[in-house]
Amino acid sequence: MKKWGSVITAALLTLSLVVAGCANQGQSSGASGDEIAVGVLLPVTGNNATDGKDMQNAIEMAVKKVNDGGGVLGKKLKIEVADDGCDPQMATTAANKLVSQNVVAVVGGYCSGATLPSSGVFKNANIPMIVPAANSAKLPAQGYDTLFLINGLTPDQAQTAADYMAANQAKKVALIHDNSAYAKDLADFAKASVEKAGGTVVAYEAINPEEKDFSALVTKLKGVAPDATYFTGYYAAGGLMLKQFKQKGVSGLFLVGDGSFSEDIIKIAGADNAEGLLITATPTAEFIEGAEAFTTEYKATYNNLAPGPFSALSYNAVNLLADALKLANSTDHDALKKAIKETKDFKALGQTISFNAQNTLDTSNFAVLKVTGGKFTLAK
């Protein structure tokens, strides 16, 4: 049944892509009246809603800034938010919804597993999508001329993790993923990077992200005594795993990928268990030189809440889109795609954006962060 269910699901997703493409071929403008409609695709519900909300907050801030400055092409930007729930089927439905709303472009994409099918919907509708978070190497491998990534890719993140572990004499490494597109991708690249550096992968395991009890896995890890464990999935499972890892007394460092980069992982694991946790991620606004005003405004706007892991990148995505609309001097999809593609040295928070042949960044923006005293700090 599982096999046939997967086949049926894939067929339905494919049909959705075809329907979206056929229904919207020829549509070239998401502008009407005094507004330009911009789609926003994020996890509004589910385990990753916290990061989704952080991204939406930053997007709304950027839109307000653009509109307060006179808008773009004489019009105001208006966002249309759709919930992908970090789920492929939800994402396909949400993407089709945005296509039906005739958006000029889309900003969003948190989970790679949800971004993969939704990017296909937008490709068939010829709608540009700027992705500030999702970073599976499978995304640019699709070859879509409508898809632009402004976060570093999984091979870069994996190399960052491997370099840190090697520098800290972690020769025996355990890799854990949750079978999502992003997490397995990151674990596979990390395995290659660790082995290339002369390390040994002593465990390579997959978990169910809905699982609450990781005792069997943790017992196995304790038996192989890793120098470091790298969990590449998301924070809901990561926090529970870290808590049980510490309670069982498993040896070595504990690292997580950027899917677990959230204050929620500290809350779930508990402050004591999270102390010393290492995260491979793009630095948050508080670590970005020149982002002080953004951080201050964000906190003032959102009841002293600090910007999230992908807030700065989401803010950058909107400003990049606004700049491209001005360069294109049009909301025509082809003209806008061309303008985004030809973006050169666009100055943004913590990054200068230019796109390579794959519509990704040439320079990695990953760092290693560490939980110290219940706060994220840059690892030494």
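Guide: The lining of the second largest pocket comprises seven nonpolar, six polar and eight charged residues. In this classification, Ala, Val, Leu, Ile, Met, Phe, Trp, Tyr, Cys and Pro count as nonpolar, Asp, Glu, Lys and Arg as charged, and the others, Gly among them, as polar. The model is predicted, so that local features need pLDDT of at least 70 and side-chain atom pairs count only at pLDDT 80 or more, while totals for chains, interfaces and linings use all residues. Residues are numbered from 1 along each chain as its sequence is written, and side-chain values use heavy atoms, with hydrogens and water left out.

A pocket here is an open set of points on a 1 Å grid over the protein atoms alone, where a 1.4 Å probe fits, with protein on both sides within 12 Å along at least five of seven lines; lining residues have an atom within 4 Å of a point. The volume of the second largest pocket is about 380 Å³. Its lining is formed by 21 residues, and Glu-263, Glu-286, Ala-306, Pro-307 and Phe-376 are the closest to the centre.

Four elements each supply at least two lining residues: α2 (49–68), α10 (263–269), α12 (292–301) and β15 (375–378). Such helices (H or I, at least four residues) and strands (E, at least two) are DSSP runs, numbered from the N terminus. The greatest contribution to this lining, four residues, is from α10.

For reference, the largest pocket holds about 500 Å³ of space, and its lining has nine nonpolar, eight polar and three charged residues. Volume in both cases is the space filled by probe spheres set on the points, with grid points joined across faces, edges and corners.
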